[in-house]
Number of protein chains: 2
Amino acid sequence: MFTCDFSKRGEKSLYEFLIETVKAKITNGSLKANEKLPSKRALASHLGISVITVQNAYAELISEGYIYSIEKKGFFVTELPFDSPAEKSRSKEKSRAKKSAEKNSSAEIFADLASNSIAQEKFPFSVWSHLTRKILNSPHENILKSQPFEGALVLREAIAAHLKSFRNMDVSAEQIFVGAGTEVLYSFIVRFLGEEKIFAVENPGYKKIAGVLEMNGAKIARTAIDENGMEIFALKKNGASVVHVTPNNHFPTGVVMTVKRRMEFLAWLKEDENRFIIEDDYDSEFRFSGKPIAPLQSSAEGQNVIYVNTFSKTLSPSFRIGFLVLPQKLVSPFKEKFRFCSCTVGALEQYVLASFLSEGFYAKHIARMKNYYRNIRNELAQQIERQNENSLLKISEENSGLHFLLTIKSNLAEKKIKSNLEKNGIKISLLSDFFSADDEKNSFADEKKIPPEKTFVVNYSGVEKQKIPQIVSRILQSVQQDF
Amino acid sequence: MFTCDFSKRGEKSLYEFLIETVKAKITNGSLKANEKLPSKRALASHLGISVITVQNAYAELISEGYIYSIEKKGFFVTELPFDSPAEKSRSKEKSRAKKSAEKNSSAEIFADLASNSIAQEKFPFSVWSHLTRKILNSPHENILKSQPFEGALVLREAIAAHLKSFRNMDVSAEQIFVGAGTEVLYSFIVRFLGEEKIFAVENPGYKKIAGVLEMNGAKIARTAIDENGMEIFALKKNGASVVHVTPNNHFPTGVVMTVKRRMEFLAWLKEDENRFIIEDDYDSEFRFSGKPIAPLQSSAEGQNVIYVNTFSKTLSPSFRIGFLVLPQKLVSPFKEKFRFCSCTVGALEQYVLASFLSEGFYAKHIARMKNYYRNIRNELAQQIERQNENSLLKISEENSGLHFLLTIKSNLAEKKIKSNLEKNGIKISLLSDFFSADDEKNSFADEKKIPPEKTFVVNYSGVEKQKIPQIVSRILQSVQQDF
């Protein structure tokens, strides 16, 4: 029977350390594919730990797919199809190539606070598997049929119900259009609205949005925002007739568009029926305090507000499913325009997601993730408070979304701090990285509103909790020290 | 124990009739969800049929998802998640609405020879389920990670190997780009090549191609074809710099581009490095006789030929997976252009398809489907020969793809024949439906080459075999009779 040297577990719990040990033995081949594992009772007595600890560890290993159980027979090591020697050597080769490419620019990455990755290991994989199996075991006419362009009805109904309960939005399944991620959806939007139109995007903002719109042929006007949201004044000046906004949680500043500004936007919309607002409601699931903010779409009374959201952020970026909510009056023209197109998402995924939503698993998952992310955020805040003896670091805009701003007091220039951080293994973005140079007027910086200089955007969704003390001390080190 | 009145089975085999009876009992609720079915032996003796017949029927019902088995416990009725009373009433409502919409235009459809649907019940569902489960049970870091834009490496490698063995194409995984169906891939192609270019498409041809290219902003030049393929003369006249062709099996005429014409096309390509050929190799899997035709891409020696194919036609239209093969020299520019885009296909589907390909299931499936379609085609041909006493019907171009041409001798005008057919429940397209009026010159008709008038395109891939005698007699009736 294998052993597990608990004396080496450090700060880890018995449960965590046992899981880690078994994984390592599977990965390094000392436990072979389909090999029987000791029974829970036998292993517990062998290691001198409780049966319940072994049981929980085995359950976790099953849910992560490392082992499987056969009723009345016991636990066995899974055959890992993607871990063949060929695959291993290939991935080694790739990581070598990657490393050599990165060598010149930076040290090994200890923590990536720049990308908005998510905690993928938290994905409720066993539930997803269960639902997939259930759909696969049911008569499959539905999933083999070509789906309507707008997406499977079951999924659109489930999304409508979700929007009702999560965002208090009153929309019908008919208004919903499912697509393989927001990029695909934006390409439909540009083709629908017409690329001759000027699309206003927020500056600062998430640069990928402008990139995707531009790639689809749209003309872009980068438009300043102030602490109330996108400046209506700047918008009117640049002559855009389509606006892309994140009114409920601006990235990266965290600004929430005020009610007054919202009313101004809706009034702007009413002036001309050829104007459109694209409301990107990304991250609205992860608001940590304060009243949830109703989307613009709900106050628009059927005006031209197109609502966009995605499941990639809440589930996993590898699921390519996003959706639009169109105002009622655009539903028929949109359908008519794309009537000969196929839906871009496979049927099986649509049916599984529909079950995931309608059987309540999504709501549970969001609640769990919110908790998890709050925890990470709190740990970061506490560590900063604890280590921040000279008050060099200041957090702001930490209540919504999966990022906050970190303002740094330092004699070093912000570019220098950033490069120090990189040398220290911390990948991070400057708030100023999100500003585009070619905007006419950047009131955000001009008028000495937030942000001050030396402000960083901390995306903490992909951070591992146990690394947080180290991350904070590395940040402090980079701020003070000249490399 | 339930019974099965074999006296009512008509021409059906015991096996078929038993399956049908059990399905009906499940659907109408006389067999309840999770109800235990009689054992094979008990049912066989009860019905006076062989155990092997029951066994085969149960196996088929399992593979179609109507029942499931638990080892040593027996067979049980599956819980059908999408067949709730609410769903039923909804689908009733929908079919009612559909019927009332169709009432004015045509009778109920008995057979649809116009759409290129596939025999979805032949999809190897149990294998697909098995592979999906296997992937879901393996460690899931791979499937939760965001995939590279070009698609998962395992899938691209599997596609490259498949192209090698099926089409003798020598391409590397690096040249392959996976996308959510050909429509999505065409939209990337247009953006990559530039919409200011003129795209030549075949006339006659599959109209959806022109539609998709146009929707993406491309300018279209409908270009005549003759019996050797697209006319190079017509192409040179219209000034197109991009050509979309189906050289290996033109739809709908079945014309295969001759070697001489291929050489002319490649010479045209060489004249200017800003020229491109998009080779649509749809249906190449289903060539029934003659030597398989090498794709243009293989003779192009790295010139600008972009190869496109899809799995929607061979697997199921509800799987949205297609792929491009780029010539080596376009790989880097293509990646560079779309470097910030996400892959449009979910990771799980990519991994399952990769296993399906690399474990040989796809090749088996193609062989099986080829057999199946050949059977349907032969049955149609035989029935036509048998019933066609006055030689009113003539088949041509029946050796490749899943359609053939049917030329009809009749005093009625072709539009009249078509409407008669519709009244008789046969949905069918005229060959002339695939010609666009706005082409400069249609040599196909002009110069008295094929096709003659009154020629129909018979898509037989979705036809049910047992309906074939009826289909042929309805066609003959429509040709002779004036309604």
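Colleague: How do the residues lining the largest cavity divide into nonpolar, polar and charged?

Modeller: This is a predicted model, and in it that lining has nine nonpolar, seven polar and four charged residues.

Colleague: Which residues lie nearest the centre of the largest cavity?

Modeller: Of the 20 lining residues, those nearest the centre are A:Ser187, A:Arg191, B:Val184, B:Ser187 and B:Arg191. Helix H8 (182–193) and helix H9 (207–215) of chain A, together with helix H8 (182–193) of chain B, each give two or more residues to the lining. The volume is about 160 Å³.

Colleague: And what is the volume of the second largest cavity?

Modeller: About 70 Å³. Its lining includes A:Trp128, A:Glu349, B:Trp128, B:Phe319 and B:Glu349. The elements giving two or more residues there are helix H5 (125–137) and helix H14 (347–358) of chain A, plus helix H5 (125–137) and H14 of chain B. By type, the lining splits into seven nonpolar, two polar and two charged.

Colleague: Let's look at H14 of chain B, then. How many of its residues are buried?

Modeller: 11 of the 12, so H14(B) is largely enclosed by the rest of the structure. Among the buried ones are B:Leu348, B:Glu349 and B:Val352, and those three also line the second largest cavity.

Colleague: What comes after that helix?

Modeller: H14(B) is followed by B:Gly360, with a positive phi near 85 degrees.

Colleague: Switching to chain A: how many helices and strands?

Modeller: Chain A has 18 helices and 16 strands, and 55% of its 483 residues count as buried.

Technical notes:
Residues numbered from 1 in each chain as written. Chains lettered and ligands numbered in written order. Predicted model: local features only at pLDDT ≥ 70, side-chain atom pairs only at ≥ 80, totals over all residues. Heavy atoms only, no water. Buried < 20%, exposed > 50% of the residue type's maximum accessible area, 1.4 Å probe, protein only. Helix = DSSP H or I, 4+ residues; strand = E, 2+ residues; numbered from the N terminus. 1 Å grid on protein atoms, 1.4 Å probe; cavity = no way out; pocket = protein on both sides within 12 Å on 5 of 7 lines; lining within 4 Å. Points joined across faces, edges and corners; volume = space filled by probe spheres on them. Nonpolar A, V, L, I, M, F, W, Y, C, P; charged D, E, K, R; others polar.
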